[in-house]
Amino acid sequence: MSQEQSTSVLIIGLLSLLALIPWAAAFLRARTFRDWDLTATLVLLVGVLANVDAAAYVIGSGRQEQLDPLGRTVIGSPGWVHQIAVVSNGLLLGVCVAFVLYRLLVARARINAAPLIAFTIVLTLGASDGLNGQPVWSPRQLTLLAALLAAAVGRPGRSALLGGTAVAMVYTTMGGIQALMEPADVLRPCRADNACSVLGIHYAGVFTNENILGLMLLLCIPFAWLSLRGTVRIVLACYLAFLAAATGSVLAGTAAVATVVLLAVLRPRLRDEETRGVARGMPGRSLLAVSVLLPAAVLGVVVPLRHAMFGDLRLRASIWDMAKEEWADSPLVGYGGKAWSAKYPQGEIPAAVSPSLHNEWIDVAYAGGLIGAVLLLILLAYLVFRDGTGGIPTIACVLFPVLLSSVMERPWAFGISNALTFTLLAATLVPTGTRGSTTTHAPETSVSQGRVPPVGTRHETPCFDRSRARR
């Protein structure tokens, strides 16, 4: 590790400690406003437990990669790491089942449609597994189904996004501490075909590679902006964007900057803090939001189909061509969620591309066929238009980094529960926008004006009756 890299890692480590001040202020404010609830805890546990095995491996063993005779990375980890993964997956499954039972039997929760659409996509991929002779319902598939069912009975709103923000806080802090204690463990080597970031490093934190960390940070930027209160949310959103750029992932860094710009332009607010000035600009902001989302979605579909128009994409272009050629033989139902990763043990693909096809659309189409792709489109359309134009700016800021990263990566997995499943849950629980005319304004409250509610009083959410607010 060079002196320049040591300095960069030291900066990241110190920033992570300094960031604890705004993190603490933000979450104390959330506690004051009673923003945290069981749904936030669910999202936090899904994010933490899904990544605890990778974090334990990096912290406990350093970043030791296994290589084959040709120098290619081999997938695998020590037995003790696998045991942690099994235990954490079991715990997560139990947490989700307990949450569902509590919300249905005790809280009498209402059902959210968006997680159920995602649930249907998972079922479709599982059915395709069975039709193509793949193992059906692996433990991580069952955990994903349970997590989506939990989201279906969770409480939509700020708390779900706050739980996602807390996941980012936990792992950025852990990465920063590890950077100060064992600087070499948080870095991955730079290569000729994968240049370093502007800081001269590939920063992976306590994750197995920089791309996973970069995607997590990218998708959590709008969570921080929307769920936290006060100007501290802007500081922390920019901090997450900086770390995304520091990972060295060009996609994550570029998309992070674009996401912060979109947030600054649209200025989305959740309905319990909308102001008159923001509400008046709703039609124009909604139109702008759609004009940004649509090209991002189209780009994700066009790039793998016409990749020659976008330069030399090397390995991605090869696997996309392979998937398209095979997909033609099973266009309706695809090959199942396990089919692509099963090619690695057979020597058909290298380890680097075995987790996914590095594009959300072609990944879902290959695994679930046209049925899966249409269901994904329905999910996205439902999230955007479920409340007319009122909630479009907010959900657009959440979906924009998802769609932008979908061009070269697969941010949301529908075949197994993975490191980014918590972001899928949080996105499907984004609160709906204000119904009715966009010129109608909710009465101003201490919360909508950004003031702390008086001690001993209960904050009542605008646009809700009390029975719905309790849920």
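Start by selecting D37, which is buried at a relative accessible area of 17% (buried means under 20% relative accessible area, exposed over 50%, partly exposed in between, with a 1.4 Å probe and protein chains only). You are looking at a predicted model, where local features need pLDDT of at least 70, side-chain atom pairs count only at pLDDT 80 or more, and totals for chains, interfaces and linings use all residues. Residues are numbered from 1 along each chain as its sequence is written, and side-chain values use heavy atoms, with hydrogens and water left out.

**Stop 1: around D37**

D37 sits in the loop between α2 (20-32) and α3 (38-61); helices are DSSP runs of H or I, at least four residues, numbered from the N terminus. Show S159 next: its side chain and that of D37 are joined by a polar contact of 2.9 Å. A polar contact is a pair of N or O atoms within 3.5 Å; within protein, one must be able to donate a hydrogen and the other to accept it, and residues adjacent in sequence count only if both atoms are side-chain atoms. The D37 side chain also reaches the backbone nitrogen of T39, at 3.0 Å.

**Stop 2: D35 and R229**

Now select D35 and R229, a salt bridge whose closest N and O atoms are 2.9 Å apart (a side-chain nitrogen of Lys or Arg within 4 Å of a carboxyl oxygen of Asp or Glu). D35 is in the loop between α2 and α3 and R229 in the loop between α8 (210-227) and α9 (232-246), so the pair ties together parts that are 194 residues apart in sequence. D35 is buried at 7%, and R229 is buried at 5%.

**Stop 3: N112**

Move to N112, in the loop between α4 (79-105) and α5 (113-131). N112 counts as buried, at 13% relative accessibility. Look for the backbone oxygen of G154, 2.8 Å from a polar atom of the N112 side chain.

**Stop 4: α5 against α14**

Finally, colour α5 and α14 (residues 360-385): they pack at an angle of about 175°, with axes 9 Å apart. Axes are lines fitted to C-alpha atoms, for helices over the stretch in contact, and angles run from 0 to 180 degrees between N-to-C directions. That makes α5 roughly antiparallel to α14 (angles under 35 degrees count as roughly parallel, over 145 as roughly antiparallel, 65 to 115 as roughly perpendicular and the rest as oblique).

Technical notes:
Helix = DSSP H or I, 4+ residues; strand = E, 2+ residues; numbered from the N terminus.
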